[in-house]
Amino acid sequence: MNLKELDSFKLGDAVNFHEELNPALWENETMRSDVRKALLRIAADFQEFLGVKDLAVEDVRVSGSNAAYSYTPHSDIDLHLIVDFDQINNDEVYQELFNAKKFQYNQEHNIKVRGYDVELYVQDSKQPHASLGEYSVARDEWTRIPTKQRANLDDFATRQKYDKLRGLVMAALASKKLEMVEDVTDIIKRYRRAGLDEGGEFGPENLAFKMLRTQGYIGRLWKHRAELEDRELSLEHVESIVEAAERELDLHGVLTEMKLSDFMPKKSREQEQLEDKLAVEIMMSLSTSTDYEIDDIARAVEAAFNAGTVRDSKTGMRAALDILEKQ
């Protein structure tokens, strides 16, 4: 492995290899009793928080690096409620509910066990889970015994994935458009899921995601998305936009009996969503193929759209590059 390259983007933020399980959580390869009791209490509280009557919970399990030999000081304790989704009607709707509740629960609580954050999740019992180790907290036994093996990490591929995902996150953080930020969060989730399915826990996509999470980028992205959602739903925000526009028109003597909407651009929500997806695609391509800063790229792409010169990804990249080169 290229150690200089490895050090430059801190792959150690994502994975370390040890000869023993995390001693803060395990003793002689068995979960410490106080840790187990704490996790069972947290799982019960989370199940109650979900608010689903007679939820068919089959097991409570810990997985991920803290159930293996690859933990770091930044590793979460991944605590999963194992649920039989066959017992739930409209399971896709419930999965959306569980994901939303998981995010809300983790936002409202700052739960740590022996200094490690606890991350809650509802997992379908039939869903294959990519993890080196898995421990049943409910039954106090291993369901998948971890092995002491060092994975053949592809640091070059991980660096590429890291740069690409970081570029996306930085573009989203620079944007004030909720639709674009939502697109980026969805892309990152699909990216990681596909990487886990293909490469497992040590796949480049998952390692890149874990590095970004450890460095705080993912948390900033979730927070930014929540702030934009609050802002969009805020009555004060809507009124301030209208009032500011009306004052501007009035100052120029333009305001008449016409409605303010007569002055607004006519774009459908579908068209705006398509433009947002195209903007993300262009920014992602430019961030990995040029040396420009992501903030400059985001402004150039926005200017290209405002100028009406973007018809597709190719023309958008050309227009944005022209703007960047003139700066």
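Biologist: Which residue in β6 is the bridge partner of K112?

Modeller: The partner of K112 in β6 is D117. Before we go further, please keep in mind that this is a predicted model.

Biologist: What makes β5 and β6 a pair of strands?

Modeller: Pairing takes at least two bridges between two strands. Strand β5 (residues 112-113) and β6 have 2 bridges, in the antiparallel sense, so they meet the requirement of at least two. The two strands also form a hairpin with 2 residues between them. In that turn, R114 has a positive phi of about 55°.

Biologist: How many bridges link β4 with β6, and in which sense do they pair?

Modeller: Strand β6 (residues 116-124) pairs with β4 in the parallel sense, over 7 bridges. One place to look is D78, which stands opposite E119 in β6.

Biologist: In what order do the strands of the open sheet come?

Modeller: The order of the 6 strands is β5-β6-β4-β3-β7-β8, and the pairing is mixed.

Biologist: Why are β5 and β8 placed at the edges?

Modeller: Each of them, β5 and β8 (141-144), has a single partner strand, so one side of each has no neighbour in the sheet.

Biologist: What lies across β3, β4, β5 and β6?

Modeller: That is helix α2 (residues 33-50), running at about 55° to β4.

Biologist: What makes the contact of D59 with R61 a salt bridge?

Modeller: The cut-off is a side-chain nitrogen of Lys or Arg within 4 Å of a carboxyl oxygen of Asp or Glu. The closest N and O atoms of D59 and R61 are 3.0 Å apart, so the pair qualifies. The structure holds 12 salt bridges.

Biologist: At what N to O distance do R139 and E141 meet, and are they buried or partly exposed?

Modeller: Their side chains meet in a salt bridge at 3.1 Å, N to O. R139, at 42% relative accessible area, is partly exposed, and E141, at 37%, is partly exposed as well. Salt bridges that share partners join D59, R61, E134, R139 and E141 into one network.

Biologist: How far apart in sequence are the parts that K126 and D86 tie together?

Modeller: K126 and D86 form a salt bridge, with their closest N and O atoms 3.2 Å apart. K126 lies in the loop between β6 and β7, and D86 in the loop between β4 and α3 (91-108), so the pair ties together parts that are 40 residues apart in sequence.

Biologist: Why is D86 called exposed, but K126 partly exposed?

Modeller: Exposed begins over 50%. D86 has a relative accessible area of 58%, so D86 is exposed. K126 has 47%, so K126 is partly exposed.

Biologist: What makes helix α6 mostly covered?

Modeller: Helix α6 (residues 204-214) has 11 residues, and 9 of them are buried. Among them are P204, F209 and L212. Just after α6, G216 takes a positive phi of about 95°.

Biologist: How does the span of helix α11 compare with what is expected?

Modeller: Helix α11 (residues 313-326) has 14 residues and reaches 20 Å from its first C-alpha to its last, close to the 20 Å expected at 1.5 Å a residue. Its buried residues are S313, T315, G316, A319, A320 and L324.

Methods: Residues are numbered from 1 along each chain as its sequence is written. This is a predicted model: local features need pLDDT of at least 70, side-chain atom pairs count only at pLDDT 80 or more; totals for chains, interfaces and linings use all residues. Side-chain values use heavy atoms; hydrogens and water are left out. Buried means under 20% relative accessible area, exposed over 50%, partly exposed in between (1.4 Å probe, protein chains only). Helices (H or I, at least four residues) and strands (E, at least two) are DSSP runs, numbered from the N terminus. The expected span of a helix is 1.5 Å times one less than its number of residues. Contact means heavy atoms within 4.5 Å. Axes are lines fitted to C-alpha atoms, for helices over the stretch in contact, and angles run from 0 to 180 degrees between N-to-C directions.
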